[in-house]
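Me: I have a structure here and would like to go through some of its features. Could you take me through them?

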Amino acid sequence: VNIHTAHLLVTLTPSHLATKTQRYGNNKSFNAIMREHNIKGIKARQYFTREANIPKCSIIIDVPQILQRGDVYEKDYPIIKTFIKNCLGIVYGDSSLYHNHNLVRIDYRLDRVVKDCIHRQVYLELHHKTRKGYMRLLKSSHEIYKTSIYHRNGSLEIILYDKNLEAKAKNRKP
């Protein structure tokens with residue numbers, strides 16, 4: 001099981017907003033600044049809280065994209081930490097914002113290779129039948145190409161798909 005994404009929340013101060021405005025102008029978003037610096041693997045949304053009008057930055061980190069590989073290890077934590085601090089420093093001029101972040105959620109992924117096409121199809125069919133038996137599932141759908149099955153409940157989200165069939169359906173090499 002590998003970490004796929006992490007969601008962090010950072011509280012900003014008026015000086016952070018002033019630094020961002022001074023460097024990039026009033027209308028440039030965090031994401032536009034990251035694109036401008038050709039930095040991938042991080043998306044963010046800056047907003048103000050309704051109740052106290054406090055500026056916040058909600059950050060989504062795509063760990064495999066940052067590391068440029070699928071496997072994530074504990075020894076990779078300093079790399080990710082440095083990456084996030086660097087991005088906060090670029091946008092808000094304060095890499096120490098990282099030290100006061102709140103971890104909102106971590107998404108994990110589990111990859112399994114099933115080489116036999118017939119076995120892959122059987123697993124998709126079994127999963128499809130199994131999810132029909134659980135009434136607590138909130139959402140389910142098939143992809144256009146009928147290569148994926150998606151469902152979730154309050155704390156779990158599962159996407160099961162056949163990567164080979166999906167690639168063929170999109171005219172790409174598996």
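Reply: Let us start with Leu126, which counts as partly exposed because its relative accessibility is 48%; here buried means under 20% relative accessible area, exposed over 50%, and partly exposed in between, with a 1.4 Å probe and protein chains only. This is a predicted model, in which local features need pLDDT of at least 70, side-chain atom pairs count only at pLDDT 80 or more, and totals for chains, interfaces and linings use all residues. Residues are numbered from 1 along each chain as its sequence is written, and side-chain values use heavy atoms, with hydrogens and water left out.

Me: OK, and where is the place of Leu126?

Reply: Leu126 belongs to helix α5, residues 117-132, where helices are DSSP runs of H or I with at least four residues, strands are runs of E with at least two, and both are numbered from the N terminus.

Me: New topic: which loop does Asn38 lie in?

Reply: Asn38 sits in the loop between α2 (30-36) and β2 (42-48), and its phi is positive, about 55 degrees, although Asn38 is not a glycine. Most residues other than glycine have a negative phi.

Me: Is Asn38 buried or exposed?

Reply: Asn38 counts as exposed, because its relative accessibility is 62%.

Me: And what about phi of Asn53?

Reply: Phi of Asn53 is near 55 degrees, again a positive value in a residue other than glycine, and Asn53 is placed in the loop between β2 and β3 (55-62). With a relative accessible area of 53%, Asn53 is exposed.
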